[in-house]
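Reader: I am new to this structure and would like to go through a few parts of it step by step. Could you take my questions in turn?

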Amino acid sequence: MAKRLGEQTIKIDNPVSIINTASVVGPKEGQGPLARYFDVVLDDILHGCESWEKAESKIVETALNKVIEKADLSSRDIDIIIAGDLLDQNTGSTFGVMHLNRPFWGIFSACSNIGQAMSIGALTIDSGAAEKIIAGASSHFCSAEKQFRTPLELGNQRAPTSTWTVTGSGCTILSNSQDGPFITHATVGKIVDFGVVDAANMGAAMAPAAADTIAAHFRDTRREPSYYDLIITGDLGYIGRELAFRLMGDKGYQLDDTYTDCGIKIFDKAKQDTHSGGSGCACSAVTFAGYLFNALKEQTLNKILFVPTGALLSPTSSQQGQSIPGIAHAVAIENTR
Amino acid sequence: MEKTKYQELVNELSPNSKIISNTLKAFLIGGLFSIGGQFILNTFKSAGIAQDSAATYTSIVLIFIGVLLTGLGLYQRIGKFAGAGSAVPITGFANAVASPAIEFKKEGHIMGVGARMFILAGPVIVFGTFTSMIVGVFYYFSKGGLL
Amino acid sequence: MEYMKAFLVGGLICVIAQILVDKTKMTMPKILVSFVVIGCILSAVGLYQPLVDFGGAGATVPLPGFGHILARGVMNEIDEAGFMGIFTGAFKAMAGGVAAAVVFSYIASLIFNPKEPKQKK
């Protein structure tokens, strides 16, 4: 059985393997540096649907079917699906998962959804209550802009600190199989608010939460940053990554080039006009399901600390003048146990 | 790290907008919209239409242009380049009305287009009306020699 | 010359807004509302008309010009209709523009679909 280490970390005891992943992304992500790692690159950001929200759910459904097909399973083999997104009442996920007719946990911790889904999935498998679980997350640039910002046709300028919501869905199948890579630890994030109010600088809002969770992970596991081949946060972008780096130094953990961010990896800053980088639930989800899982399988990376980050604001909380709290959930993934 | 010290670090690491080039672009495009407005106004006036009516017709033509460019997806691109240069002219007002109308059409004619058309431009009308009524109250009573 | 003046005045009003956006983190809706209110007040105290006389469309096309039209509309209506003008003036003055925006935008929503921002290839 899993056991608690320190204040925030859970050590997974029985093997919980990531047996396969699938990533579906939009056209812009398909022109980015990680393009070759994605399973499906859509030509049409509407994915044949009539609205952005319906498109997001269809993308979720496509990713779920893809991961089941890649793992050579049928949907009946999946015990539970755990997924979340950014839309009101989690409809991006629910309307996509619905058609598979499997038991479902909808979750929300904003863009750190994939970290929370993988943590809950790993614990459930470790407990013996399930054999195969899909953990996934999704976001869509257009549905997110519509809900959180302004209509797409409005002629406005994006701040240089802003990030670009990734369109896509990333899914992983967790299982009690004996083949790696394995989820070995999950560090549950606390909600951290350093008083950032600028909704066009999400990296700054989330960096303190990322640093808090990463430091807690090292404290609880008594590991050093050098233990990992790669530490990668979810969607802090360039500015947030630098801030998290400085905050970690302040806490006494000197990180180096092995620390990066999915929002930096997914877009080409110079060519793709994405300012501070990528963001959204799909940013960490597809970067893991595509690029990181591939690197683990090829053993170019053997030990990674994957730390999806989320900004816990709503348009209402922002309009009422509340600052933006952040959260980050860390998942340690290793090829050997 | 303390919150105040963190905010300083955020300010230090966050790049500022390119204010010089943004300002020049806003000047150029804002000025061009004004020249266009002047040209339309002069055209109406030379057709023998009175000054006040010509001004209203000019607004209507500019609003038509703003809505059309919005529908074609071009106003978004102009706005990305020009910033305030395309938001402040009356074409920007048209863009602020047309963009939610188009964006929310999937939510239906009534609660989508109808209800959300003024989510961005509404405040301008609310506070414009409010201020002008206060102006009217002062004007009315000062005319009567009360103020 | 008339066109140069319009360009100059219209451009400069937009420059003020752009500096506010980039320097003060004021959001665009806040700036637009402030501009209408300021235009309205300047017009009421007689300071906006000289700018219109000088800059022509350069002063009427940007949003402070909308405030000017409202203030002038209310005052003219009070001259003609008395007390009732306080209530009817503003809407009468903006009627043409707002009706055009409503009707054109509704038609646009029937014709056009939301589009994702154009990608640089």
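Reader: How many of the five residues of strand E17 of chain A are buried?

Author: This is a predicted model, and a residue counts as buried here if 20 or more other C-beta atoms lie within 10 Å of its own. In strand E17 (residues 330–334) of chain A, A:Ala330, A:Ala332 and A:Glu334 point one way, while A:Val331 and A:Ile333 point the other way, and all are buried. The strand is therefore largely enclosed by the rest of the structure, the number of its buried residues being five of the five.

Reader: Which residue is the bridge partner of A:Phe306 in E17(A)?

Author: On one hand, strand E10 (residues 182–187) of chain A pairs with E17(A) in the antiparallel sense over five bridges, and there A:Ile183 stands opposite A:Ile333. On the other, strand E14 (residues 303–307) of chain A pairs with E17(A), also in the antiparallel sense, over four bridges. For A:Phe306, the bridge partner in E17(A) is A:Val331.

Reader: Turning to chain B, which helix gives the largest share of the side of domain 1 that touches domain 2?

Author: The domain assignment of chain B gives domain 1 as 19–116 and domain 2 as 119–147, and their C-alpha centres lie 25 Å apart. Five residues of domain 1 of chain B are in contact with four residues of domain 2 of chain B. By class, that side of domain 1 has four nonpolar, no polar and one charged residues. Its largest share, four residues, comes from residues 90–103 of chain B, that is, helix H6.

Definitions and conventions. Residues are numbered from 1 along each chain as its sequence is written. Chains are lettered from A and ligands numbered from 1 in the order in which they are written. This is a predicted model: local features need pLDDT of at least 70, side-chain atom pairs count only at pLDDT 80 or more; totals for chains, interfaces and linings use all residues. A residue is buried if 20 or more other C-beta atoms lie within 10 Å of its own, exposed if 12 or fewer, and partly exposed in between; C-beta atoms are placed from the backbone. Helices (H or I, at least four residues) and strands (E, at least two) are DSSP runs, numbered from the N terminus. Two strands pair if DSSP finds at least two bridges between them. Domain bounds come from an automatic or database domain assignment. Two residues are in contact if their C-beta atoms, placed from the backbone, lie within 7 Å. Ala, Val, Leu, Ile, Met, Phe, Trp, Tyr, Cys and Pro count as nonpolar, Asp, Glu, Lys and Arg as charged, and the others, Gly among them, as polar.
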